[in-house]
Amino acid sequence: MESFRKVIKGWLGKVLLVLFLTPLALVGIEGYFSGGNKEDVAQSVNGQEISKKELETVIKNYKQQYLSLVNGDETLLNQGFIQKAALDSLTARALLIQQAEKLGISLSDAQIEQMLAQQPSFQENGKFSNALYENYLRSVGMNSQALIANLRTDHALKMLTSSVLDYALVSKVDIQQVANLQTEQRTLHLSSIQLDGYKQNVKVSPQEISDYYNKHQNSFKQIASVDVDYIVLSPSQVAANTTPVTEAELQQAYTKFVEAQHKDAKREVQHILITTETRGDAQAQKLANEVYGKIQAGLPFAQAAAQYSEDTDSKAKGGLVESYVAGVFGDTFDKAVAAASTGRVSQPVKTQYGYHLIQVKTLAGEVPSFAAEKTGLTAEIQKSKSANAYADTVNSLNDMVVGSDSLDVVAQEVKGTRVEMVKGMTLSTQHPYLSDTNVKSKLFNDDVKNGDRNASSSIQLANGDTIWIKVRHYTPSGVMSLAQATPTVKAKLIEKKAYDAAKAKLAVMLAEFNTKSAAEVLAKHGLAFENAGTFVRSQGLKREIERTAFSLSTPKAGMWSVSTAALPNELVVVAVSNVNKTAANRLAPEQLQELSKLYQQLRGQQELDDYTQYLKSHAKIK
């Protein structure tokens, strides 16, 4: 049924969405294994420390989630809210992990080993790859024991939370009540009364305005806004550079192209590792130098790896680091790989694992010839020249704008450009140019707040255009003054008095609907009603009308239940002539089952939140 689909998409679905947007930071396998270095403490939960690094990671994840909701515009994010939500989620996670430990919830070593073996990122050709596993451990700076410990903690947490989320009790009565509410059908009749005539006789005194303002100051909060002039310059408005491309420019561009091809070529990395686990640093370095000398004297690298390397996975493969990716052995190792000449062995390179001898072989593919690339290189050079010409124009105009503190100079120098103005621009205002993140950061920075009204330097827009701005007026966020709020307050009071006057005129008729049939009342008073149709909740009625209609009692036969709703400049008389509560009985079993599942998820999330709040109330949090 359509009404059932609306309950899934309507208020219940929105409640679930809000709840699920405040997660407990239960991220996947890569999320927690960030190494074992001790960081500055952000918060302590029953003695368990939450590091600043952990907090920063979760804040970053939250930002990415919310950025997707605001089209990537970070200026629209409430940074304070995100930081608090991130810390709350980590606190909740710590409390639940501690509770899981108290309850003895855990996985065995055998279960965890089986999980690792089935992890797709550790498999190659459908089988567990020890090389991929070892590379992953190196990339996150952990050993296998630490990984298993983290997995045990992670899954203990999931088992505890799922025991609450998946087994919340929901009665059939609860489900039936929700189904009844959402599928109940009401037949509505509406009559509209315009308030213009009533407003003509309404008077509002300064004292009434002052009293209303003082009582409702919080409703007169305003967000920061600016009045701003701006001018936009596009590359198409600047003459393109038509200087012919020379042979020397083409040869230079091709040389860079070849260098890039070689740089991006796939590399085969081999290494010999001398660890510091069983010897001192000086001893490890000495041994590494000795092995390097033997290789320089003619000992094959693969043979040296088999004899001396302490990387158990690669030594039998000639030192080959299979599936090598940057980060496996750290930045120092990666820099040595990038700087290595193909086929040459590096001198000992120190990392946290010990000393490495590195040999890199470039698996070079065929580089396209100069003739094959000439057309493309010509187009790129010409494009670069035009871009440089545009940049030179922007720089010249920028000097004039900043020097004269005026945007008019751009319009004088470049035909087709003109200064525009926007009033009341806020962070959330949608504008083709001023909504650009780089522009908004200039419009609402501390300099503007402190009174800077100078023309800006050039700002490059995301589409490649250039804009200059000049703030004329800045309105800070906060509560409006009485003077600022007076027009709004006066309009509200006039609206309210007009509404009350119109309602008072209808008072006798509205009262008679309680004791007489609808036909009698309509015949006596002659107010015209429109038969609006039959509706369920969330079916597109205006909010005020829907709220009124579904708050009215079920009318007796032949009678109407009646009340009024206030809309801008309009009083609407809302009448209900019939209420059908049997529609829920026609829901298919699968629809009731899906509704039950949604409601159970809602109850489960609420119970988990209550459980977490209970643990928090008994915790020592510093």
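I started where H7 stops: glycine 141 follows the helix, and its phi is positive, near 65°. Helices here are DSSP runs (H or I, at least four residues), numbered from the N terminus. I'm working on a predicted model, where local features need pLDDT of at least 70, side-chain atom pairs count only at pLDDT 80 or more, and totals for chains, interfaces and linings use all residues. Residues are numbered from 1 along each chain as its sequence is written, and side-chain values use heavy atoms, with hydrogens and water left out.

Next I checked how covered H7 (residues 130-140) is: eight of its eleven residues are buried. Buried means under 20% relative accessible area, exposed over 50%, partly exposed in between (1.4 Å probe, protein chains only). Among the buried ones I noted Tyr133, Asn135, Tyr136 and Arg138.

Then salt bridges, meaning a side-chain nitrogen of Lys or Arg within 4 Å of a carboxyl oxygen of Asp or Glu. I get 20 by this rule.

I looked at glutamate 208 with lysine 497, where the closest N and O atoms are 2.9 Å apart. Glutamate 208 sits in H11 (residues 206-215) and lysine 497 in H20 (residues 482-505), so this pair ties together parts 289 residues apart in sequence. Glutamate 208 is partly exposed at 30% relative accessibility, and lysine 497 is partly exposed at 29%.

Also in H20, lysine 496 and aspartate 500 lie four residues apart, about one turn of the helix. Their salt bridge has its closest N and O atoms 2.7 Å apart.

Conventions. Helix = DSSP H or I, 4+ residues; strand = E, 2+ residues; numbered from the N terminus.
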